[in-house]
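Thanks for coming. I have one model to go through today, so let me put it on the screen.

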Amino acid sequence: MILRNDLKGKAVIVTGGTAGIGLATGLLFGKYGAHVYLTHRWGSADEDELRARFEAAGAPAPTIVEADASQDEDTEALMEAVKRDHDAVFALISNVSFAHVSKSHEDLDKKSFLRSLGYSAWPFVGYLQAIRETFGRWPRYAVGMSSRGPEYFLRATTSWPRARP
């Protein structure tokens with residue numbers, strides 16, 4: 001994704017954005033002036049430290065939201081928070097991943113697979129749907145990633161996003 005020189009006034013949501021690749025991504029968008037919404041789960045973020053990192057990078061202070069991507073209520077609350085300040089979401093960076101850890105091949109089962117899928121892939125789709133429902137349009141960019149590397153790159157259009165290589 002090529003960033004424009006000025007993203008001032010653009011809303012960017014980074015799920016799992018308080019550490020690792022999510023935080024690095026949020027900082028990059030922030031350096032370009034975007035209003036970054038960082039989500040985390042279960043009180044896992046030192047909000048003062050995060051704000052200090054954005055300030056040190058010359059980026060606007062992020063909005064930090066405790067939101068479990070697998071919980072619809074948290075997603076709705078996040079969308080309302082973004083809507084208070086913006087009329088659209090420029091980019092969704094979904095940095096949520098979970099996989100069942102197996103001790104052997106015999107440990108693999110459909111329930112574990114569906115749980116992994118539910119925690120990893122569905123929140124990406126759920127966030128896209130919530131953005132469309134809340135703002136009446138898709139984000140311009142939507143990316144699913146994790147520390148294991150990019151999984152999807154979608155460019156949102158007025159219809160359902162098409163997969164891009």
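This is a predicted model: local features need pLDDT of at least 70, side-chain atom pairs count only at pLDDT 80 or more; totals for chains, interfaces and linings use all residues.

β2 is mostly covered, with six of its six residues buried. In a regular strand, side chains alternate between the two faces of the sheet. Here both faces are covered: His-35, Tyr-37 and Thr-39 are buried on one side, and Val-36, Leu-38 and His-40 on the other.

β2 has two strand partners to go through. Strand β1, residues 11-15, runs parallel to β2 and is joined to β2 by four bridges, with Val-12 opposite Val-36. Strand β3, residues 63-66, is also parallel to β2, again with four bridges, and there Leu-38 stands opposite Ile-64.

β1, helix α1 (residues 20-31) and β2 form a right-handed β-α-β unit. β2, helix α2 (residues 47-56) and β3 form a right-handed unit of that kind as well.

Back to Leu-38. Why does Leu-38 count as buried? Because its relative accessibility is 0%, and the cut-off for buried is under 20%. Beyond four places in sequence, the residues Leu-38 touches include Val-14, Leu-23, Phe-54 and Ile-64.

Last, the second largest pocket. Its space is about 310 Å³. Of its 17 lining residues, Asp-72, Thr-75, Glu-76, Gly-126 and Ala-130 lie nearest the centre. The elements giving two or more residues to that lining are α3 (72-85) and α4 (110-135), and α4 has the largest share, nine residues. By type, the lining has six nonpolar, seven polar and four charged residues.

Technical notes:
Residues are numbered from 1 along each chain as its sequence is written. Side-chain values use heavy atoms; hydrogens and water are left out. On a 1 Å grid over the protein atoms alone, a cavity is a set of points where a 1.4 Å probe fits but cannot get out, and a pocket is an open set with protein on both sides within 12 Å along at least five of seven lines; lining residues have an atom within 4 Å of a point. Grid points are joined across faces, edges and corners, and a volume is the space filled by probe spheres set on the points. Ala, Val, Leu, Ile, Met, Phe, Trp, Tyr, Cys and Pro count as nonpolar, Asp, Glu, Lys and Arg as charged, and the others, Gly among them, as polar. Buried means under 20% relative accessible area, exposed over 50%, partly exposed in between (1.4 Å probe, protein chains only). Contact means heavy atoms within 4.5 Å. Two strands pair if DSSP finds at least two bridges between them. A crossover is right-handed if, with the strands pointing away from the viewer, the path from the first strand over the helix to the second runs clockwise.
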